[in-house]
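Here are a few exercises to work through with the model open beside you. Try each task on your own before you read the solution.

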Amino acid sequence: MSLSKDLVAASATPLVLSILARGESYGYAIIKRVRELSGGQMQWTDGMLYPVLHRLERQGFIEARWGASENGRKRKYYSLREKGIEELRLQRNQWMQVHETLQKSWEEKPCLT
Amino acid sequence: MFDLNQAIAAWSEQMRSTETCRAGDVSELESHLRDTVADLSASGLSEEEAFWVAARRLGDVGELAQEFGKINPTLIWRHRLFWMASGYLVFLLVNSLGAGITSLGISTAAVSGFPIAWVWLFPVVTTTLLVAGIVVLVRWLLQRETFGVDAYFLRITRRWVGCVLLAVAVSLVSAGAVGLQICSRYLMVRMVNVEPAAFRQVYYQTAIFGWAWSVVVAPVLLVLLVLWLRPSKRGALAQG
């Protein structure tokens, strides 16, 4: 079962931030990592990652630099900034809160009377 | 025979011709495309198969352009502003060229004894010819599908040097047209041996037609153009 479009879009920011929290990376590697982490359940249209990355860069959460790949091709690398670490912490708390709330609501017995 | 570099270049060109992607965005997507092709080829796909799968995974060019548009809104406005400004410049050019040719024609006609009652024909004929010329030119440019007029102007205006050169070229032609107009007016006054009442009649006729064009016809055309380009419609088109 693959995730709904809205959920994929909503979780993109924390997911990208947490992948970058492990160190500098680039678009293709981020996509691959997402595929690995979700066991193939999260299907991103590859190109859609880049507008997300650019928006995060504009918001000051990550920074980009042009570098070279192993075979000398031009490649853009992204890394997390101080502000991004703070944002990741914030988003993590929010997602945990949603998760906990849902968890509790599902544990309650349905009231039928 | 499939040429990977050529296929990637064609894909990039398609991406570049959208109004929302910067050059850096396109080279980043291109790098992604190459990484995917390399990985897929390593897992046994032919270069051609790998390219098509990679392009498909990267997403539809139109949808990508729309997504980039959300983060690069100034690019769209720069593009629109460019078209508005160039439209105004074309209008200025046509206006001053038309008036220049008209005055030159009137001076020649007056010298050669052209009936004054028919002088109004000059602005009408020159304006019609110029507008028809522009319509033909635009049609011709739009018919060249592989090298659309839009992509052509985008390519020029992507670099500042291109913008400056284009502005200088248009200004020079404009200045030339205005010069032609001034010279011919001067000639008309100096050379034409007509009585003051007849001269006034000629002058009023050309002035009224010139006024009708620049105050009524041209603004109506510009308003139609702006309506056609209005953001809400563009948004609807992009979604549909």
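Chain A has four helices and three strands, where helices (H or I, at least four residues) and strands (E, at least two) are DSSP runs, numbered from the N terminus. This is a predicted model: local features need pLDDT of at least 70, side-chain atom pairs count only at pLDDT 80 or more, and totals for chains, interfaces and linings use all residues. Residues are numbered from 1 along each chain as its sequence is written, while chains are lettered from A and ligands numbered from 1 in the order in which they are written.

**Exercise 1.** Write down the order of the elements of chain A from the N terminus on.

**Exercise 2.** Work out which strands pair with β3(A), and in what sense.

*Solution.* Two strands pair if DSSP finds at least two bridges between them.
- Step 1: start with β2 (residues 62–68) of chain A, which pairs with β3(A) in the antiparallel sense over seven bridges.
- Step 2: pick out some partners. A:W66 sits opposite A:K76, and A:A68 has A:K74 as its bridge partner.
- Step 3: look at the hairpin of β2(A) and β3(A). There are five residues between the strands, and A:G72 takes a positive phi near 85 degrees.
- Step 4: go to β1 (residues 25–26) of chain A. β1(A) and β3(A) are also antiparallel, over two bridges, and A:S25 is bridged to A:Y78.

**Exercise 3.** Check the length of α4(A) against what its residue count predicts, then see how covered the helix is.

*Solution.* 
- Step 1: the expected span is 1.5 Å times one less than the number of residues.
- Step 2: for the 26 residues of α4 (residues 82–107) of chain A that comes to 38 Å, and the end C-alpha atoms are 38 Å apart, so the two agree.
- Step 3: Two of the 26 residues of α4(A) are buried, so to speak hardly any cover.

**Exercise 4.** Describe the side of chain A that touches chain B.

*Solution.* 
- Step 1: two residues are in contact if their C-beta atoms, placed from the backbone, lie within 7 Å. The contact takes 15 residues from chain A and 17 residues from chain B.
- Step 2: α2 (27–37), α3 (49–58) and β3 (74–80) of chain A each supply at least two residues of that side. The largest share, five residues, comes from α3(A).
- Step 3: sort the chain A residues by type: four nonpolar, four polar and seven charged. Here Ala, Val, Leu, Ile, Met, Phe, Trp, Tyr, Cys and Pro count as nonpolar, Asp, Glu, Lys and Arg as charged, and the others, Gly among them, as polar.

Methods. Buried ≥ 20, exposed ≤ 12 C-beta atoms within 10 Å, placed from the backbone.
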